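Colleague: I'm new to this one. Can you put it up and walk me through it?

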Amino acid sequence: MARILVIDDNDTLREGVAVTLRKMGHTPLAFRSPLEGVAAFQKSGADLVLTDLKMELMDGLGVTKAVRAADEQAVVVVMTAFGSIETAVQALQLGAWDFVQKPFSPEVLRGKVEKALELAATRKTVVKLTAHNEALEGDAARAAGVLVGEGEPMKRLRAQLQRAAGADATVYIRGESGTGKELAARQLHQLSPRAKGPFVTVHCAALAESLLESELFGHEKGAFTGAQKRKLGRFELADGGTLFLDEIGEISPAVQTKLLRVLQEREIQRVGGEETVKVDVRVVCATHRDLKAEVAAGRFREDLYYRLHVVPLQLPPLRDRAEDIPQLAASLLARHAPRVNRAVTSLSPEALALLARYPWPGNVRELENALQQALVFAEGPTLQAAELPSFLHESKSASATAGSGALPELRGDRSLNDVLEELERELIRRAYEKSGGVKTETARLLGIKTSALYYKLEKYGFISKEADGGAAEDGAP
């Protein structure tokens, strides 16, 4: 049920419109005086405004201007007689959505109202998404991520983002999981001329093919079981802004074909519909996979690859920018300490040194997880090295052993199994680092099955089942 403001000094037409709206299940707020109608809108708002064009005291142009000044997202439909089309066009230029020519039938009014309310709902959704994204961007600015750091890799990345932001072209972001691909996409959006538009995200790997198609392109009422009303897709919601397609390498061939058409034609077709809808969207996509290799293997369309691979950006893994770890750790601490352990305000030099020595195969996400664990058990204002997770200490011991070229020390308090596990962990760490975090390559280097590797990566703390999603796929955690 919608609140619809009706302003018309013709009593018969005004009451007729109100009757039709009530039959549709809506609540009409009818005013003979345009000044009273505008005052009511300024006080309480409305989902839709229907206003006559020719009135005393204030005409439809004045109503449109006043309503849009009170709420720039307001949807206004002007009711006009045959001889006033030019003035109705002026109303459109002032921000009215459409006009309906008198005399009109109840059926014409119903059709116009349904479409106008759909637009109003879309605008509200976009406003909510934008507000949500602004909140996320505020969190991201405080969080440790790909944009935190003053080392050369980060300086290069920031310069590339700055240059790419001004060119309204598709951007292809590649990087290991946990390096901050979404944060980079958000920064790109904020630097671009589309910054005032919505930033909409779709996590392609998290949705089944049928659900992903509906999320991207929307669907019509009755398109499939459970489709009780029309739903607008993310492309429509992102109109005028940026659409971020995360893990684009996971989409099916069928969705690849439809996505290619959208990028070529700049229009979408909802699932179960025949109408095409023009969209003005900048696409930014990301993946941890090598899409060129996926093309060679026949799993990804070559023509789509070249449509996406217009402006490529490579995010550096954390092991290639160890100099940024102190700043990242401090940023993460400032973000999570108020929520997890308010007493902690800093890290000790020994703790920072321990963090800097670890290769972080899970990148910033793994660092964040380690610090959150440490905060839970920290007892003083300064986070100590001893309070960091045990895998960091084990890594330090294993690295020292590997550097000396000697076997682990044999002591009476350590069993043979403990020593063998230490060696196994170190071998896995080396293979994982050498492969760049690619699990299938790590398993090949070690001569074991990928499923066995997953178990060992979780066992030794290189990945967590929650962070990895429990999915046995190639790529970094």
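Modeller: Let's start with one leucine. Leucine 371 is in contact (heavy atoms within 4.5 Å) with Ala329, Leu332, Leu347, Leu355, Leu383 and Leu388, leaving aside neighbours within four places in sequence. This is a predicted model, where local features need pLDDT of at least 70, side-chain atom pairs count only at pLDDT 80 or more, and totals for chains, interfaces and linings use all residues. Residues are numbered from 1 along each chain as its sequence is written, and side-chain values use heavy atoms, with hydrogens and water left out.

Colleague: How many residues are in the largest nonpolar core?

Modeller: It has 36 residues, and Leu371 is among those with the most contacts inside it, as are Leu355 and Trp360. Such a core is a set of buried Ala, Val, Leu, Ile, Met, Phe, Trp, Tyr and Cys residues joined through side-chain atoms within 4.5 Å. Buried means under 20% relative accessible area, with a 1.4 Å probe and protein chains only.

Colleague: Which residues are in the second core?

Modeller: That separate core has 30 residues, including Tyr172, Leu260, Leu263 and Leu291.

Colleague: New topic. How do the axes of α18 and α19 cross?

Modeller: At roughly 100°, coming within 9 Å. The axes are lines fitted to C-alpha atoms over the stretch in contact, with angles from 0 to 180 degrees between N-to-C directions. Therefore α18 is roughly perpendicular to α19, a label for 65 to 115 degrees. Helices are DSSP runs (H or I, at least four residues), numbered from the N terminus.

Colleague: Which residues of α18 make the contact?

Modeller: Lys439, Thr440, Thr442, Ala443 and Leu446. From α19 come Thr450, Leu453, Tyr454 and Leu457.

How values were computed. Buried < 20%, exposed > 50% of the residue type's maximum accessible area, 1.4 Å probe, protein only. Helix = DSSP H or I, 4+ residues; strand = E, 2+ residues; numbered from the N terminus. Parallel < 35°, antiparallel > 145°, perpendicular 65-115°, else oblique.
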